[in-house]
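Reader: I would like to learn how to read the packing in a model. Where do we begin?

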Amino acid sequence: MKETEISNRPLKILMVDDDEDYLVLIKRKLHRISDVQFDIQWAMEYNDALRDMQHNLHDVYLIDYGLGERTGLDLLREALLKGCDRPLIIITGQGDRRVDMEAMRAGAADYLVKGSFDGNTLERCIRYAIEHKRSEERERALAAATAAAEVEREKSAELARSNAELEQFAYIASHDLQEPLRNISSFVQLLARRYQGRLDSDADEFIQFAVDGVARMEEMIKGILAYSRVETHGKDFKAVGCADVLQKTLKNLALSIEESQAEILSNPLPVVRGDEAQLIQLFQNLIGNALKFRREESPRVNITVRSRAAAKGHTAKDGSSEVWLFSIEDNGIGIERNYCEQIFSMFRRLHSPEVYSGTGIGLAICRKIVERHNGEIWVESTRGEGATFYFTLPPSEAATSTT
Ligand SMILES: Nc1ncnc2c1ncn2[C@@H]1O[C@H](COP(=O)(O)OP(=O)(O)O)[C@@H](O)[C@H]1O
Ligand SMILES: [Mg+2]
């Protein structure tokens, strides 16, 4: 906020007057006031004064109405136009009584009539003008902040609305799609059972394609449903120990871990604030991928955590600015740099399901879960050299549920 710090230093005043005697008089008047200090400068020329005024070099401007060719009102108007935001006080002669109203209308903070005021009046007039300006500025800043907050609120309300709509759409679509799909699925399976080997070999193969296709579609619909449920079925946040989350995850993955002879290492894990079931889902998707997208050698997965300053716009609701940054590093096939962002989109995969099973919904769900926890997720990788997935989660003492 642009505010003149007036408490600790002398007030800088520019007196604009072509009469030096009057300047001396004013100085003398003000110097009699002991508890406020004034640094009074003088400009005789219209243009000199204007230059200082448009750059706001002083705390206040005292402008004589009579300035030779032009008037103090001309100067006042031009200075305001050119960006002067300091209080301007017009000093009129005894004969210029009508000027006062005009001055106030033009934007003067106050006016004084020559010969009719003493130092105390002048000092009070200056102080009021400055105070008034400051409170105007404060009000303006407050109004601007309120307006900005209102825009922000509207934007996030709009976002919440469209998110809710989208989720409802996904939920309904996947629910309603399941019914006809179940129909297709049962009849294709019936075909397979009854007619496998009784038609020609092409027909057998076609039936098998249809069975596989239906199974895949079912998986994808389940995926959309799971994705939409991140928001619709999310639980309130509470303190969740990540060591516990990891243990449960490893139990769920026990079969693939044993099969692949994976080695999984982890630092001590912190307590975060979140939805436990979703955090298990997050860990399981990421560690599951690390096991699935492995190379010849047996997979090695390394989980580390450190504290980090929250990125802008990702601070917790209570204002805490530290988050936990998790990394899950593997020694698998890695991901080409160009695809590192895309793989977080729904159904985006880099391999056919024959090579690596899956539908490509896992990372989209991971991102949704992390975002629901007000965090970020990304991956760093070089193809052929393993991948490291990073994500942030709020510390346990942070905000309550965001949904
Ligand atoms: N740890 C990883 N190493 C290499 N590639 C990965 C890894 N994790 C994910 N990917 C790539 O990102 C794609 C999307 O992952 P995901 O959404 O979990 O789907 P899915 O596991 O069903 O393929 C994967 O198909 C794969 O190409
Ligand atoms: Mg996956």
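Author: Start with the nonpolar core: buried Ala, Val, Leu, Ile, Met, Phe, Trp, Tyr and Cys residues joined through side-chain atoms within 4.5 Å. Buried means under 20% relative accessible area, exposed over 50%, partly exposed in between (1.4 Å probe, protein chains only). This is a predicted model: local features need pLDDT of at least 70, side-chain atom pairs count only at pLDDT 80 or more, and totals for chains, interfaces and linings use all residues. Residues are numbered from 1 along each chain as its sequence is written, and side-chain values use heavy atoms, without hydrogens and water.

Reader: How many residues has the largest nonpolar core, and which have the most contacts inside it?

Author: It has 39 residues; Leu282, Phe326, Phe389 and Phe391 have the most contacts inside it. Helix H9 (276–292) and strand S14 (387–393) are among the elements that each supply at least two of its residues. Helices (H or I, at least four residues) and strands (E, at least two) are DSSP runs, numbered from the N terminus. H9 gives the most, with eight residues.

Reader: What does Leu282 touch?

Author: Contact means heavy atoms within 4.5 Å. Leu282 touches Cys366, Ile369, Val370, Ile377 and Phe391, not counting residues up to four places away in sequence. A second, separate core has 22 residues, including Tyr61 and Cys84.

Reader: How is a pair of packed helices described?

Author: By the angle between their axes and the distance between the axes. H7 and H9 pack at about 55°, with axes 9 Å apart. Their contact includes Val245 and Leu246 of H7, and Leu279 and Phe283 of H9.

Definitions and conventions
Chains are lettered from A and ligands numbered from 1 in the order in which they are written. Axes are lines fitted to C-alpha atoms, for helices over the stretch in contact, and angles run from 0 to 180 degrees between N-to-C directions.
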